[in-house]
Amino acid sequence: MNKTGWLNFFSILLVGWLAIQFTHMSEMNAWAGSPPSPKSTKAVGDAERGKAVFNGKGVCHYCHGIDGNKDQRPQLTPDTAALIAQLNPQPVDLRNPKVQYLTSDKQRARAIREGHLGTGMFPDTRMTTQELTDTLAYLALLRRESLSKGK
């Protein structure tokens, strides 16, 4: 066999070998099943952790009350209590969805992060993104509980 004949022979062998490898890999992939779909990149909130942030680091409970109960405020210094009493408008009742005018988590997150113009709500930049997500999950739980009680 001349040089060209050997090249053709090895080319055919190489193509055949690649075809077998490709078929084998395809069968392995089919056997393994379809690849998993990508996970959502949206962070998931944990309402229990959000409750701890709401009633702790986030100091939301100063104005909105412990667990969102406006009538159950924590023990505050007299000057802080006086400032909260002077807020106009007063902090919204987080347990009454009918009086809340922020209707999306995006709006709520912005109000928490940047403050809420026209109210006494100041920005909270100390919360981590996960803590904010957890707090939003807790606020959603408060709204659901209120709706189930018919408030």
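## Packing of H5 and H6

The crossing of H5 and H6 is right-handed in this predicted model. The two helices, H5 (105-114) and H6 (129-148), pack at an angle of about 125°, and their axes lie 11 Å apart. H5 is therefore oblique to H6.

On the H5 side, the contact is formed by Asp105, Arg108, Ala109, Ile112 and Arg113, which meet Thr129, Leu132, Thr135, Leu136, Leu139 and Arg143 of H6. Sorted by class, this contact comprises 5 nonpolar, 2 polar and 4 charged residues.

## Packing of H2 and H6

H6 also packs with helix H2 (residues 47-54), here at an angle of about 100° and with the axes 7 Å apart. Because angles of 65 to 115 degrees count as roughly perpendicular, H2 and H6 are roughly perpendicular to each other.

From H2, Ala47, Arg49, Gly50, Lys51, Val53 and Phe54 take part; their partners in H6 are Gln130, Glu131, Asp134, Thr135, Ala137, Tyr138, Leu139 and Leu141. The contact of H2 with H6 has 7 nonpolar, 3 polar and 4 charged residues. Thr135 and Leu139 of H6 meet residues of H5 and also residues of H2.

## The largest pocket

The volume of the largest pocket is about 570 Å³. Its lining consists of 28 residues, and those nearest the centre are His64, Val92, Leu94, His116 and Met121. By class, 17 of the lining residues are nonpolar, 8 are polar and 3 are charged.

Helices H5 and H6 contribute to this lining as well: together with helix H3 (61-64), each supplies at least two of its residues.

Notes: Residues are numbered from 1 along each chain as its sequence is written. This is a predicted model: local features need pLDDT of at least 70, side-chain atom pairs count only at pLDDT 80 or more; totals for chains, interfaces and linings use all residues. Side-chain values use heavy atoms; hydrogens and water are left out. On a 1 Å grid over the protein atoms alone, a cavity is a set of points where a 1.4 Å probe fits but cannot get out, and a pocket is an open set with protein on both sides within 12 Å along at least five of seven lines; lining residues have an atom within 4 Å of a point. Grid points are joined across faces, edges and corners, and a volume is the space filled by probe spheres set on the points. Helices (H or I, at least four residues) and strands (E, at least two) are DSSP runs, numbered from the N terminus. Ala, Val, Leu, Ile, Met, Phe, Trp, Tyr, Cys and Pro count as nonpolar, Asp, Glu, Lys and Arg as charged, and the others, Gly among them, as polar. Axes are lines fitted to C-alpha atoms, for helices over the stretch in contact, and angles run from 0 to 180 degrees between N-to-C directions. Angles under 35 degrees count as roughly parallel, over 145 as roughly antiparallel, 65 to 115 as roughly perpendicular and the rest as oblique. A crossing is left-handed if the near helix is turned anticlockwise from the far one by less than a right angle, and right-handed if clockwise. Contact means heavy atoms within 4.5 Å.
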